[in-house]
Amino acid sequence: MATTVTATTVTDKPVTATPATATPVTVTYLGTATVLLRIGDLTILTDPALDQEPGEYPAARPLRRTAGAAFGPGQLPPVDLVLLSHDQHADNLDRAGREVAARAGAVLTTPEAAARLGGRATGLGPWESVRTTVGATTVTVTATPARHGPAGTESVTGPVTGFVVEYEGGTLYFSGDTTRHAALDEIAERFAVDTAFLHLGDAHFPSTGELAFSLSAAEGAELARTLGARQVVPLHFESWEHFVEDPARITEAFAAPDLVGRLRRLPPGTPETL
């Protein structure tokens, strides 16, 4: 089935109405920030880091993977759409992930990553939106602000993006690799988020000391409050050496009285219904 991607206009108002019959959605967590989504007839893969073994990834700040993904490329169904927060780090796009992205129906990412990837990749700036149709299913994907480190580190970390996916009956938010900053608050002003997939892990590197390059559990909880999301799925918190925060901190942060019942951990490799 062909994937059709067309430009559309971003709404400035939260979508609050829920149809009587919502599009069925299943999600499978594959590790790191990689999830496989089935929304009606549409198959989406996020930040494909699919290498099967622990490994070293040389770079200015080298990355070390400590556990492989739950699925490899050969176990995936055909992918209609890849949502790629950025292409410059292997924990978001590794060797196996590049193979999958190259044969996907379409890739949405930053303009800079799209220029490097070529092919079916489309770059989106913040609040730019496209409509994607496969079979009887249409979704609207909007790029959202993200900043992969403290203010002033953008020239080093490179551009990143988050995504909002609207479908009949719901709205999903994928934070991408970001730290907490004021631009994220506008997401709640524009969209009524049902499920937020947050990149956590409190990423740190020996060469940059106390500087953080992703959300901590406490910052994720704060963002969940701002978004008002019905449920929060933690991503990007295990299987890599630079994710320094104990995953138990996620449970602790979401045990606050106003967040009880919102946290939803997904078991790797097991499809679940949202």
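A pocket is an open set of points, on a 1 Å grid over the protein atoms alone, where a 1.4 Å probe fits, with protein on both sides within 12 Å along at least five of seven lines; its lining residues have an atom within 4 Å of a point. The model is predicted, so that local features need pLDDT of at least 70 and side-chain atom pairs pLDDT 80 or more, while totals for chains, interfaces and linings use all residues. Residues are numbered from 1 along each chain, and side-chain values use heavy atoms, without hydrogens and water.

**Exercise 1.** State which residues lie nearest the centre of the second largest pocket, and classify its lining.

*Solution.* Step 1: of 17 lining residues, Pro-126, Ala-146, Pro-159, Val-160 and Thr-161 lie nearest the centre. Step 2: the lining comprises seven nonpolar, seven polar and three charged residues.

**Exercise 2.** Carry out the corresponding analysis for the largest pocket.

*Solution.* Step 1: the lining has 19 residues, and Ala-59, Arg-61, Leu-63, Gln-88 and His-89 are those nearest the centre. Step 2: ten of the lining residues are nonpolar, six polar and three charged.

**Exercise 3.** Identify the residues with the most contacts inside the largest nonpolar core, and the partners of Val-141.

*Solution.* Step 1: a nonpolar core joins buried Ala, Val, Leu, Ile, Met, Phe, Trp, Tyr and Cys residues through side-chain atoms within 4.5 Å, buried being under 20% relative accessible area (1.4 Å probe, protein chains only). Step 2: the largest core has 50 residues, with Leu-83, Val-141, Tyr-173 and Ile-187 making the most contacts inside it. Step 3: beyond neighbours within four places in sequence, Val-141 is in contact (heavy atoms within 4.5 Å) with residues including Leu-81, Leu-83, Phe-163 and Val-165.

Key. Nonpolar A, V, L, I, M, F, W, Y, C, P; charged D, E, K, R; others polar.
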